[in-house]
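Subject: Structure handover

Hello,

Please find the structure below, followed by notes on what was found in it.

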Amino acid sequence: MPQPPPADARRLVPRTDTVLAEPAVAQAVSRFGRDTVRAVVQAAQESARSGVIAPDEVVAAALAALPARTTSLQPVLNATGVVIHTNLGRAPLSNAAVEAMTAAAGTVDVELDLSTGRRSTRGRGTLTALLEVVPEAEAALVVNNGAAALVLATTALAAGREVVVSRGELVEIGDGFRLPDLITSTGARLREVGTTNRTTLADYEAAVGPDTGCILKVHPSNFRVEGFTSAVPVAALAVLGPPVVHDIGSGLLRPHRLLPGEPDAARSLADGAALVTCSGDKLLGGPQAGLVLGRTDTVTRLRRHPLARAVRADKTTLAALEATVRGPRPPVWEALEADPDRLRARCDALVAALPPGLASTVPADGVVGGGGAPGHALPGWAVALPESYAASLRLHDRPVLARVERGRCLVDLRCLPSDADPVVAQAIRDVRP
Ligand SMILES: *Cc1c(COP(=O)(O)O)cnc(C)c1O
């Protein structure tokens, strides 16, 4: 059909109100807001007036100009084999946690007792859930992240005083964040004891005195010192007098057979730690959060400190954390415990769904990641592709993040639910090498 002359086209261009009343456009308004949608409608009307599109194409052109999502955060498929990938948002939440988070997004009784109408402890259901899993703790507190938990603990217990800590535990947790800087930033002084590889009980004994606010033990989660080493266990530190704060890092609440080298909250508290701090989005498999578990008097000191208000956890976080602690095994543990034979079968099925000769199933170890359990391999399998696929898959509409190893692109299905496999297969087939 020939293009109508511009003068006619102008007359036929639908009015803004008419376009906004179209059901699909009205639905877009509810997602993106009236101003954003009006702007794309007006741009589409302009295109129609100048004859670039036909008048009856205005609605479609306006809708096509809107983004697919309401946020710029792009969901990606983690095929790296790194279970807790900080750059990909660490732990993916379980469906139960997502549901809880969505429910809490409105107005909720996060800090109100409905039976009395009075103010109550913030997120008490979440705290109860944590204490049920870790009865070794008398009290709990949830803050924004593990770093906040640690800084709140050392500030509340040792501002203007000393934090006694081993030189072997003054770690950098990633992206240039160093624990010593974090701890001293709010006014506690570090009293370093021992050496990088060896610290003894006598070193701690010599340093502890009237000026000691707390003894800090940090799990050096992202590296390992091997050979001539010694460190002092929590149980030995706990009898020295000052409260022992144990930053266990990854958030294992109870011991797990798969990761015997990871410290856990229950054991550390049973050994006499006054406080344990950890992250919510590493091995716990929940939302970004910092957990503090320990003695009632010590947790209360933290809760009452002014800094506590600055690191207060959000209602949606509290909801997701409770659902994670109470609910089904989170995706992080599905990935950690993935059965190698099952992974191999999934890889074989994926290879079979690709052009012959393109891919093969190869043995490949996954890792825990998130600065946890370094050197601990998770035996499994991956689909090997030519190296150039890594960048193409990353740039796909539905980005697939693979890893490059020895000149090959490895697609590791460990961290993905099996219903993602056909999506991954399609992304690979879409790549034009
Ligand atoms: C990860 C980690 C932290 C920091 O926790 P975030 O939740 O990332 O703030 C602190 N200490 C240790 C030992 C860690 O492993």
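G106 counts as partly exposed because its relative accessibility is 35%, where buried means under 20% relative accessible area, exposed over 50% and partly exposed in between, with a 1.4 Å probe and protein chains only. G106 sits in the loop between helix 6 (95–104) and strand 3 (112–113); helices (H or I, at least four residues) and strands (E, at least two) are DSSP runs, numbered from the N terminus. The C-alpha atom of G106 is separated by 9.4 Å from that of K315, 209 residues apart along the chain.

Some ground rules. This is a predicted model, in which local features need pLDDT of at least 70 and side-chain atom pairs count only at pLDDT 80 or more, while totals for chains, interfaces and linings use all residues. Residues are numbered from 1 along each chain as its sequence is written, and side-chain values use heavy atoms, with hydrogens and water left out.

K282 carries the UniProt feature "modified residue: N6-(pyridoxal phosphate)lysine", from an unreviewed entry; such annotations may be inferred rather than shown by experiment. The loop between strand 12 (275–279) and strand 13 (290–294) holds K282. With 11% relative accessibility, K282 counts as buried.

K282 is also one of the residues around the ligand, together with R90, N145, G146, A147, I173, V218, H219, S221, D247, G249 and S279 (a residue is near a molecule if one of its heavy atoms lies within 4 Å of it). By class, this shell has 3 nonpolar, 6 polar and 3 charged residues, with Gly counted as polar.

Polar contacts here are pairs of N or O atoms within 3.5 Å. A polar backbone atom of G146 lies 2.8 Å from an oxygen atom of the ligand, and for A147 a polar backbone atom is likewise 2.8 Å from a ligand oxygen. A nitrogen atom of the ligand is 2.6 Å from an N or O atom in the side chain of D247. The ligand taken alone exposes 380 Å², of which the protein buries 92% (Shrake-Rupley method, 1.4 Å probe). Helix 8 (146–158) and strand 11 (244–249) are the elements that give two or more residues to the shell.

Regards

How values were computed:
A polar contact is a pair of N or O atoms within 3.5 Å; within protein, one must be able to donate a hydrogen and the other to accept it, and residues adjacent in sequence count only if both atoms are side-chain atoms.
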